[in-house]
Amino acid sequence: MDQELIALNLISNSGLARSLSFQALQKAREGNIEEARDLLKQASESSLLAHNAQTELIQKESDGESPEYSVLMVHAQDHLMTSLLAKDLIQEMILMYEKFDK
């Protein structure tokens, strides 16, 4: 896969994961824990797609294909890392909402 396509894959799947995570947080805030969990599951699936694209880049580099890094790739990596962090934190927040509801 072309490096620009990989970067766009990272951006789109990471962005979707982030959006789904924040939707999950909103559902938890409303007391809809099951909906929140479902949205987090979808976010995890999108994160996995983004992570797979990143893994492809790492494998290419370990095989001796030195990628040309660009602002687009840096932006894509930034999207991935912030979306993963948001998803993890939101998952913990949903657990807190669930605990407080009991």
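In this predicted model, a helix is a DSSP run of at least four residues, and such runs are numbered from the N terminus.

**View 1. A nonpolar patch on the surface includes Leu-5 of helix H1.** Helix H1 covers residues 3-29, and Leu-5 is found within this stretch. Together with Leu-8 and Leu-72, Leu-5 forms a nonpolar patch on the surface, and the accessible area of these three residues together is about 250 Å².

**View 2. Ser-14 is a buried residue of helix H1.** Ser-14 lies in helix H1, and Ser-14 counts as buried because its relative accessible area is 1%, whereas the cut-off for a buried residue is under 20%. A polar atom of the Ser-14 side chain lies 2.7 Å from the backbone oxygen of Leu-10. When its neighbours within four places in sequence are left aside, Ser-14 is in contact with Asn-9, Ala-50, His-79, Leu-80 and Ser-83.

View 3. Helix H2, which runs over residues 33-62, has 30 residues, and the distance from its first C-alpha to its last is 42 Å, close to the 44 Å expected at 1.5 Å a residue.

Definitions and conventions: Residues numbered from 1 in each chain as written. Predicted model: local features only at pLDDT ≥ 70, side-chain atom pairs only at ≥ 80, totals over all residues. Heavy atoms only, no water. Patch = residues over 30% accessible without salt bridge, like charges linked within 9 Å, V, L, I, M, F, W, Y side chains within 5 Å. Areas by Shrake-Rupley, 256 points an atom, 1.4 Å probe, with all protein chains shown as cover. Salt bridge = Lys/Arg side-chain N within 4 Å of Asp/Glu carboxyl O. Helix = DSSP H or I, 4+ residues; strand = E, 2+ residues; numbered from the N terminus. Expected span 1.5 Å × (residues − 1). Buried < 20%, exposed > 50% of the residue type's maximum accessible area, 1.4 Å probe, protein only. Polar contact = N/O pair within 3.5 Å; in protein donor to acceptor, adjacent residues only side chain to side chain. Contact = heavy atoms within 4.5 Å.
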